Amino acid sequence: MSDLHTPTPFMKLDGQPTFEEAWQAEALAIAQNLINDQVITGSDWANALGAALQVVQRDQDNDTVAGYYEAVLLALEQVVQSNCEISAESINAQKMDWVDAYQSTPHGQPVLLKQTNK
Amino acid sequence: MPSFDANKVAQIHQHLHSHLPSDSALRVKALETVLVQKGLANSENIDRWVEAYANDVGPMRGAQMVARSWLDADFRHRLLDDAAKAADEMGFSGPASGHLKAVENTDVQHNVVVCTLCSCYPFSILGMAPNWYKTAAYRSRVVREPRAVLDEFGVQISTDVAVHVWDSTAELRYLVIPQRPKGTDGMSVDALVKLVTRNSMIGTQRELSVGA
């Protein structure tokens with residue numbers, strides 16, 4: 001995990017990868033596509049991300065790449081619940097479906113949700 | 001007393017071999033799935049964005065705009081007048097450059113950009129924001145003590161140069177036009193493009209190097 005907390009010098013953070021894990025890019029991609037498709041506004045996103053950053057980065061030890069994307073994910077869940085008529089429960093249920101799919105898929109085979117596999 | 005539960009062992013074995021993604025990755029997959037199911041997102045568009053911004057789009061488009069502005073006074077006027085239109089003119093329109101303002105460094109003014117709220121950034125012309133741009137440390141400090149922060153980037157601004165900090169929003173993002181370095185007379189636009197760095201277009205670099 002990259003340490004962003006020590007800001008002196010900021011230059012030491014230059015050149016480090018923007019994304020540490022694929023889901024971080026995917027989360028930003030979803031947010032940007034929701035803006036592009038006018039499902040949410042740029043301001044909706046900025047406000048949600050700003051609020052999530054305030055929460056996550058309140059702890060200075062979380063002023064990290066990982067902390068930033070933790071805030072991105074929290075903000076994405078918040079805007080989806082607020083703007084897309086999708087509940088936290090249905091997101092969590094979908095997550096558990098993915099857990100089942102991964103755990104029931106034999107090694108080396110593509111992981112598919114049960115309903116999409118029928 | 002040691003015990004053996006065959007079912008539990010089988011479960012553990014399956015779990016270890018399932019390559020279960022992290023909780024965060026699963027949450028993102030769940031969000032994408034429910035959005036696609038509701039017709040609010042398209043997996044191909046999401047994949048295309050990841051492909052473009054994780055790999056392809058860097059600060060090159062911004063550098064091309066800056067280099068052209070050094071050579072073409074009319075373009076520079078248009079860039080300063082309406083940067084979004086100037087980006088359009090160069091074929092660089094994009095979602096994060098729709099409301100773009102260009103600000104020029106001069107002998108008496110240096111510009112530096114931040115987003116104090118979150119991390120708004122003209123990524124369609126500068127690529128993804130650097131990691132330091134997203135830190136609470138940068139976002140809070142550059143407004144309060146810009147010269148000290150710039151000093152940490154190795155940039156010393158003399159006291160006769162004003163430092164203007166521009167706070168980006170979702171509606172308005174900024175592109176700093178650095179000063180053309182001395183000793184570049186006669187250089188082609190392609191050669192000039194190579195001198196323009198990402199940080200110079202955010203304002204955390206002032207002098208561009210010719211002999212790099």
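Two residues are in contact if their C-beta atoms, placed from the backbone, lie within 7 Å. I kept that beside me while looking through this predicted model.

**Entry 1: where the chains touch**

I started with the contact between the two chains. Chain A puts in 51 residues and chain B puts in 46 residues. On the chain A side, the elements giving two or more residues are α1 (22-36), α2 (42-56), α3 (65-83) and α4 (88-104). Which of them gives the largest share? That turned out to be α1(A), with eleven residues. I also sorted the chain A side by class: 30 residues are nonpolar, 15 are polar and six are charged.

**Entry 2: a helix pair across the chains**

The axes of α4(A) and helix α2 (residues 23-37) of chain B come within 8 Å, and they cross at roughly 115°. Why does this pair count as roughly perpendicular? Angles of 65 to 115 degrees go under that label, so α4(A) is roughly perpendicular to α2(B). The crossing of the two is right-handed.

Then I listed who makes the contact. From α4(A) I noted A:S90, A:I91, A:Q94, A:K95, A:W98 and A:V99. From α2(B) I noted B:L26, B:R27, B:K29, B:A30, B:L31, B:T33 and B:V34. By class, this contact of α4(A) with α2(B) has seven nonpolar, three polar and three charged residues. A reminder for myself: an α-helix has 3.6 residues a turn, so residues three or four places apart point the same way.

**Entry 3: a pair inside chain A**

I stayed with chain A for this one. The axes of α2(A) and α3(A) come within 8 Å and cross at roughly 135°. These two helices are therefore oblique to each other. Their crossing, α2(A) over α3(A), is right-handed.

On α2(A), the contact residues are A:D44, A:W45, A:A48, A:L49, A:A52, A:L53 and A:V56. On α3(A) I wrote down A:G67, A:E70, A:A71, A:V72, A:L74, A:A75, A:Q78, A:V79 and A:N83. The class count for α2(A) with α3(A) is eleven nonpolar, three polar and two charged residues.

**Entry 4: chain B overall**

Time to step back and look at chain B. I found eleven helices and four strands in it. How many of its residues count as buried? Of the 212 residues of chain B, 42% do. For contacts in chain B with a separation of 6 or more, 68% link residues 24 or more positions apart.

Chain B is divided into domain 1 (23-56) and domain 2 (58-202). I looked up the spacing too: the C-alpha centres of these two domains of chain B lie 30 Å apart.

**Entry 5: a pair inside chain B**

Here I took helix α4 (residues 60-71) and helix α5 (residues 73-81) of chain B. Their axes come within 6 Å and cross at roughly 130°. That angle makes α4(B) oblique to α5(B). Is the crossing of α4(B) and α5(B) left-handed or right-handed? It is left-handed.

The contact uses B:M65, B:R68 and B:S69 of α4(B), with B:F75, B:R76 and B:L79 of α5(B). By class, α4(B) with α5(B) comes to three nonpolar, one polar and two charged residues.

**Entry 6: what covers α8(B)**

Last, I checked helix α8 (residues 136-144) of chain B. Its buried residues are B:A136, B:A137, B:Y138, B:R139 and B:V142. What covers the buried residues of α8(B)? The cover includes α2 of chain A, together with β2 (109-114), α9 (146-152) and β3 (162-167) of chain B.

Key: Residues are numbered from 1 along each chain as its sequence is written. Chains are lettered from A and ligands numbered from 1 in the order in which they are written. This is a predicted model: local features need pLDDT of at least 70, side-chain atom pairs count only at pLDDT 80 or more; totals for chains, interfaces and linings use all residues. A residue is buried if 20 or more other C-beta atoms lie within 10 Å of its own, exposed if 12 or fewer, and partly exposed in between; C-beta atoms are placed from the backbone. Ala, Val, Leu, Ile, Met, Phe, Trp, Tyr, Cys and Pro count as nonpolar, Asp, Glu, Lys and Arg as charged, and the others, Gly among them, as polar. Domain bounds come from an automatic or database domain assignment. Axes are lines fitted to C-alpha atoms, for helices over the stretch in contact, and angles run from 0 to 180 degrees between N-to-C directions. Angles under 35 degrees count as roughly parallel, over 145 as roughly antiparallel, 65 to 115 as roughly perpendicular and the rest as oblique. A crossing is left-handed if the near helix is turned anticlockwise from the far one by less than a right angle, and right-handed if clockwise.
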